[in-house]
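Trainee: Could you walk me through the salt bridges in this one? I'd like a close look at who pairs with whom, and where the partners sit along the chain.

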Amino acid sequence: MSKYVSKQSDANGFIAWSAEENEIWSALIARQLSCIKGKACDEYMAGLDKLNLPTDRIPQLEEVSKVLRATTGWECAEVPALISFDRFFELLANKKFPVATFIRSKEEFDYLQEPDIFHEIFGHCAMLTHPDFAEFTHIYGKLGLAASKEDRVYLARLYWFTIEFGLLQTDDGLRIYGGGILSSPGETQYAMHSEVPERKTLEVVDVLRTPYRIDIMQPIYFKINKIRDLFDIAHLDLMALVQQARALGMHKPKFEPKQKKAS
């Protein structure tokens, strides 16, 4: 259950953000723009230029949607803090990117488990201006919508290790395209500079068999060579690969199991 409540837009799609909420956005974006310099991939930076996000206030969703519609036909969809998998896949299948309309509190400035508006817009929307990334996300949504509950668990890993935590191996070195890294200063530094995580070349079946935890720094990242690789992955028979992964079984986790809280 989320402790955050999403704000609702008025009849014109406008959300009234408080001065404090705008200040939090301003501090988050200033810090993260400085943090991702030389670490974010060129495609992300080009998308950020297109979005031209305000640095002094939270953008209205229509401001972002206008750019997405013009570049790849996507738009933002205002959603509550938490939505069902059905709703999530349905939105992606219709080229709508879910954006929870709340922003983290000052107390959770550095780390938030649930995706807020900063994570969704700053982390993801710049990449959605890129046709290959947009195509991958769209096909992913359509597959997820049609998939069984069991198969969706496997598909979730593909999303996690690409859209959220994907890395790019470029001629200039390692770069980030995953929104979960790009919206987090700690994860940005860790993914790029720490010797702790393993960084593997992405093989789809391998990814589908790799467990993850959402509340820790990632012990493993997967790299692609170019954003076009995502387009190619989207056009594989992904559900056949899911069946292959299911038959092979899961890899052993590279992390400790989550401790249950004492009741």
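Predicted model: local features only at pLDDT ≥ 70, side-chain atom pairs only at ≥ 80, totals over all residues.

Mentor: Let's start with Lys3 and Glu108, whose side chains form a salt bridge at 3.0 Å, N to O. These two come from distant parts of the chain: Lys3 belongs to the segment before helix H1 (19-35), while Glu108 is in the loop between S2 and helix H5 (117-125), 105 residues apart. Lys3 counts as exposed because its relative accessibility is 61%, and the cut-off for exposed is over 50%.

Now take Lys106, which makes a salt bridge with Glu20 at 4.0 Å, N to O.

Next up is Glu198 with Lys254, a salt bridge whose closest N and O atoms are 3.0 Å apart. Glu198 is in strand S5 (residues 198-201) and Lys254 in the segment after helix H12 (238-248), so this pair ties together parts 56 residues apart in sequence. Glu198 is partly exposed, at 32% relative accessibility.

There's also a network: salt bridges with shared partners join Glu62, Arg69, Glu75 and Lys96. Two of those names turn up again in the strands, as Lys96 in S2 is the bridge partner of Glu75. Strands S1 (residues 75-79) and S2 (residues 96-100) pair in the parallel sense over five bridges, and together with helix H4 (residues 85-93) they make a right-handed β-α-β unit. The structure has 18 salt bridges.

How values were computed
Residues numbered from 1 in each chain as written. Heavy atoms only, no water. Pairing = 2+ DSSP bridges. Helix = DSSP H or I, 4+ residues; strand = E, 2+ residues; numbered from the N terminus. Right-handed = clockwise from strand over helix to strand, strands pointing away. Buried < 20%, exposed > 50% of the residue type's maximum accessible area, 1.4 Å probe, protein only.
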